[in-house]
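This briefing is meant for a reader who is new to the structure shown below. Please look over the sequence and the fold before going on to the notes that follow.

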Amino acid sequence: MNEKPILLRGASAGSGKTHFLAKTYIRLLLERYFNPEHPKDVYQYRHVLAVTFTNKATAEMKERILEELNILSKNPAQSHYHKDFVQYFSCTDEALQKASGEILFHLLHEYGAFSVSTIDSFFQLVLRAFSREIGLYSSYQVELDRNALIGECVDRILDSLDEGKDNEELLKWLTDKAVYRVSNGDKFSTDALLLSVATELMTVGYKEAVKKAKVDETTLYDHKRLESLEKTCRQRKEHYVLAVKNA
């Protein structure tokens, strides 16, 4: 089995990555056309995937590929890749022009198979293809609204409170909070409490929340420690209130 080596190319911003990647993509299409060991193939684009980081980079790469294929199909000598391709494939300008024209024709008529996309779009495509195997609905949507996502998570937590012993501690904590707030004449909203905690964690992040709270990370979610601190604080508050009343 013939294994092709992996080609790695490091490049900084503005160094011509799009130029190089577009040339590599077109060369892959032409290789199957000029390969004497295989029948002439003008549909190689069906088997080539190019991924980028941003939508802008995707648009630029598609535009460069189509632009260069168009030039090669009309006047190969004017293409930036002319010299490299003629030397690489050992072909004439006429052969290169004909191959580029045929590939471009089929590529434009089967544009959906022109696979140049962002990394996240590619993974979304893979997820949808295997949605049943991973337990997702094929009609799932990606939610970009952070507040809506937090609200959905809170709703799911509340819906799962009566689903077994795994949520007993959370249910007890919420109940204690509600009783304490109401007994002190304060308003209490379970949704609002969970939303505030979740929003804080989403906004500043877990590490920053630990730093801001000035609590050891290893004990941040130690329920016994938190209950002990809360009990101590309540007792001190009650003693202070009683002392003020008796003064």
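Between which helices does the loop with Ile134 lie? In this predicted model, Ile134 is found in the loop between helix H5 (119-129) and helix H6 (146-159).

**Surface**

- Ile134 has a relative accessible area of 46%, and it therefore counts as partly exposed, a class that covers values between 20% and 50%.
- Together with Val126, Leu127, Phe130 and Leu136, Ile134 makes a nonpolar surface patch of about 410 Å².

**Interior**

- In soluble globular proteins, nonpolar side chains tend to be buried together.
- The largest nonpolar core here has 26 residues, and those with the most contacts inside it are Tyr25, Ile26, Leu30, Ile65, Phe85 and Val116.
- Two or more residues of this core are given by each of helix H1 (17-34), helix H2 (55-74), helix H3 (82-89) and helix H4 (93-109), and the largest share, 6 residues, comes from H1.
- Val116, when residues up to four places away in sequence are not counted, touches Tyr25, Ala50, Thr58, Met61, Lys62 and Ile65.
- A second, separate core is made of 6 residues, among them Val154, Leu174, Leu193 and Leu194.

**Confidence**

- Across the chain the pLDDT averages 80, and 79% of the residues score at least 70.
- Confidence is highest in H4, with a mean of 95, whereas helix H9 (residues 206-213) has the lowest, with a mean of 56.

How values were computed. Residues numbered from 1 in each chain as written. Heavy atoms only, no water. Patch = residues over 30% accessible without salt bridge, like charges linked within 9 Å, V, L, I, M, F, W, Y side chains within 5 Å. Areas by Shrake-Rupley, 256 points an atom, 1.4 Å probe, with all protein chains shown as cover. Salt bridge = Lys/Arg side-chain N within 4 Å of Asp/Glu carboxyl O. Helix = DSSP H or I, 4+ residues; strand = E, 2+ residues; numbered from the N terminus. Buried < 20%, exposed > 50% of the residue type's maximum accessible area, 1.4 Å probe, protein only. Core = buried A, V, L, I, M, F, W, Y, C linked by side-chain atoms within 4.5 Å. Contact = heavy atoms within 4.5 Å. pLDDT = per-residue confidence, 0-100.
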